[in-house]
Amino acid sequence: MLVAIPAWNEAENLEAVIAELRRVRPLDHLLVVDDGSTDDTPHVARRLGCPLLELPFNLGYGAAIQAGIKHGLRHGYAVVVTFDADGQHDPGDIAALVEAVAAGADLVLGSRFTAPEAYRGSRIRQSGRRVFAGLARILTGLDLTDPTSGLKALGQRAQELFALARFPDRHPDADALVLASRARLRVEERPARMRPSRNRHSMHDGRAIAYTCNMLFSLLVAALCREADLKRW
């Protein structure tokens, strides 16, 4: 199994994240996807002996996620888990997601809203997640609570879908779930004990309005795209 770790300027956090993953999940293969960091993120990964995939410049969170998934698909991993590098994910939650894939799910999300005492972020972020969850529910019928979760487990079919050229390469959140539903993937959730991010920056810092507008537009595109484009595997 592969754990893909998208990282942008996470030099201060990466060592602790990798150490915890190796302690809790010693048999998993790790891959750091450096998204054009301007700090020492790639050097930290190399020093720790962690496989590293370097993007030529900052392409965005979605592109880093997709690069890691494509790597897993090319190397034949049955399951690829996406795991953020800022310390907010608990490696102990991975097992339940992988077990759900083994039981037949194609895509499994870790949900902070179904885990007791999980960190859920500010009220504004919680409200935003509820809005996107509601829109995704309307468009797909999926009853999901945490559509923006970065902790995901992908089986073979989900990996193939996420590797498509038309996959949203900026913020693969609710719009990716719309695509998954239209491709008739089995999507499930499992509890995830999220923690506060150790990083002072966020991929949405200063861009909340733009992110919301782009997400709404991307949801519309995902809902209207041709089904033939989702059946290339």
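In what order do the 7 strands of the open sheet stand, and what is the sense of their pairing? I put this to the structure above, keeping in mind that it is a predicted model.

**Entry 1, the sheet.** I read the order as β3-β2-β1-β4-β6-β5-β7, and I noted that the pairing is mixed. I then looked at the edges, where I found β3 (52-54) and β7 (187-191), and because each has a single partner strand, one side of each is left without a neighbour in the sheet.

I took strand β5 (residues 107-111) and strand β6 (residues 152-154), and I found them paired in the antiparallel sense over 3 bridges. Within this pair I noted Leu107, which has Leu154 of β6 opposite.

I checked the span of α1 (residues 11-24), whose 14 residues reach 21 Å from the first C-alpha to the last, close to the 20 Å expected at 1.5 Å a residue. This helix lies across β1 and β2, and I recorded that it runs at about 160° to β2. For its buried residues I listed Ala11, Asn13, Leu14, Val17, Ile18, Glu20 and Leu21. I then asked which elements these buried residues of α1 pack against, and I found β1 (2-7), β2 (29-34), α2 (41-47) and α4 (94-102).

Terms used:
Residues are numbered from 1 along each chain as its sequence is written. This is a predicted model: local features need pLDDT of at least 70, side-chain atom pairs count only at pLDDT 80 or more; totals for chains, interfaces and linings use all residues. Side-chain values use heavy atoms; hydrogens and water are left out. Helices (H or I, at least four residues) and strands (E, at least two) are DSSP runs, numbered from the N terminus. The expected span of a helix is 1.5 Å times one less than its number of residues. Buried means under 20% relative accessible area, exposed over 50%, partly exposed in between (1.4 Å probe, protein chains only). Contact means heavy atoms within 4.5 Å. Two strands pair if DSSP finds at least two bridges between them. Axes are lines fitted to C-alpha atoms, for helices over the stretch in contact, and angles run from 0 to 180 degrees between N-to-C directions.
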